[in-house]
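I opened this notebook page to record what I looked up in one structure. The entries follow the order in which I consulted it.

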Protein chains: 2
Amino acid sequence: MHLSAASKPLTSEELAKAMHTNPVVVRRTMAGLREAGLVRSEKGHGGGWSVARDLEAMTLYDVYAAIGAPTPFALGNRTESPGCLVEQVVNESLDDAFKEAETILMARLRTVSLAALAVQFKHRLTAHNEHQGECVYDV
Amino acid sequence: MHLSAASKPLTSEELAKAMHTNPVVVRRTMAGLREAGLVRSEKGHGGGWSVARDLEAMTLYDVYAAIGAPTPFALGNRTESPGCLVEQVVNESLDDAFKEAETILMARLRTVSLAALAVQFKHRLTAHNEHQGECVYDV
DNA sequence: GTTTCATGTAACTTATAATGTTACATGATC
DNA sequence: GATCATGTAACATTATAAGTTACATGAAAC
C-alpha cells in the first residue's frame, strides 16, 4: 500500500524506515510478494519496489499466501502423531475446530481487497490533515 | 482425561511421564486448571491430581480459559497503536477478521465436552486392544 | 513426632524461532 | 567505471516457551 501511494519505486531502505525495521528484512518479506507476482523489484538507479497489478485484484489473502501461508494459530499439537490415545482424540478434536476457524478466516481475508483498504486509508489521511493541518504523506 | 481414567489421584511425576514432559511443567499448567476449579490437588501420601467435577460439565473452552485464554493466533499486529495510517487501516481490518474467527473457534470449543472426548477415547482403546491384544491403560 | 511423599513456587538454564545485522555478490543506471 | 539498489548467505540478537534445580510447605504413614 505504501508502494501504491508513492509516485516512484521505493527502496528497501525507505520502506524499512517507514515500518521501523531493517532493509534486509524488507527484502526477505517482499521476495515472497515478488514471487507471487504482487510486486516488482528493480535494481540500480531509480530502482526499488513497485506494485505489479491493480490493488483491486489483490486481497489480504493473496498477501498471506505470498508470504508462505504460515499457520495462523499459536496453539497446536504437542505431538503430530502421538501414541497416547488421549492425545490422539484431543488433537483430532482441536484440529477440526482449527480447520473450521481457518476456513472462515481465509474466506474473510479474500473479501478484503487492498483497493478497499486504500480507500479507507485516504479517508483517514483526509481526517488526519483536517485535524493537524497539511501533512505530506509521500511514503 | 488421564485423571478421569485413573482410579486414584495421579502425581505430577506420573502425568509428566505420560506426556513426555517435566513434573514442574505439569504443576504449572495444572495450577491454572485448579484455580478454575476443574481439578483438585492433594499433598502428601496418596496425593496428586484428580478431576473436580463431572466431565460432562467441562468443555475444551473451559480448559482453554483455565490456562489463561492466550491469543489463539500466531499472526498479530506489529504495533498496537501505530502512527502510520496504512498500518492502522490494515490492523483494523485484520483485527476484525481475527475477531470473527476467534468467536467461531471459541463457540466450537464450547461444544466439545471432555465427556464426549472420553467416549471417543474408549472407542479408540477398544479398537486398540482388539488389534494388539489386551493392554492395560491405567495412566 | 519424625520420616516420607507430594504439591507450590522462585530462580535459573536451555531450546527455538523471529528479527535484526553485516558483508558481499549481482545487475542497472548515470 | 562509479554509484545505487536488490539478492542472499552467514551470523548475532531478542523474546518466549519449555525444561530444570532447589527448597519451602503441608499431609499421611509409621
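Predicted model: local features only at pLDDT ≥ 70, side-chain atom pairs only at ≥ 80, totals over all residues.

Entry 1. I looked up which residues come nearest to DNA strand C. Of the 23 residues around DNA strand C, these are A:Thr21, A:Asn22, A:Arg28, B:Ser12 and B:Arg27.

Entry 2. I then checked side-chain distances to the phosphate oxygens of DNA strand C. An N or O atom in the side chain of A:Thr21 is 2.6 Å from one such oxygen, and for A:Asn22 the corresponding distance is 2.9 Å.

Entry 3. I asked which elements give two or more residues to the surface near DNA strand C. Chain A provides helix H3 (23-35), while chain B provides helix H3 (23-35), strand S1 (39-42) and strand S2 (48-51). H3(B) gives the most, with four residues. By residue class, I recorded 10 polar, eight charged and five nonpolar residues on this surface.

Entry 4. I turned to the backbone angles. Most residues other than glycine have a negative phi. A:His20, not a glycine, has a positive phi of about 50°; its place is in the loop between helix H2 (12-18) and H3 of chain A. A:His20 counts as exposed because its relative accessibility is 69%, and the cut-off for exposed is over 50%.

Entry 5. I repeated the check in chain B. B:His20 also has a positive phi of about 50° and lies in the loop between helix H2 (12-18) and H3 of chain B. With a relative accessible area of 70%, B:His20 is exposed.

Conventions
Residues numbered from 1 in each chain as written. Chains lettered and ligands numbered in written order. Heavy atoms only, no water. Near = heavy atom within 4 Å. Polar contact = N/O pair within 3.5 Å; in protein donor to acceptor, adjacent residues only side chain to side chain. Nonpolar A, V, L, I, M, F, W, Y, C, P; charged D, E, K, R; others polar. Buried < 20%, exposed > 50% of the residue type's maximum accessible area, 1.4 Å probe, protein only.
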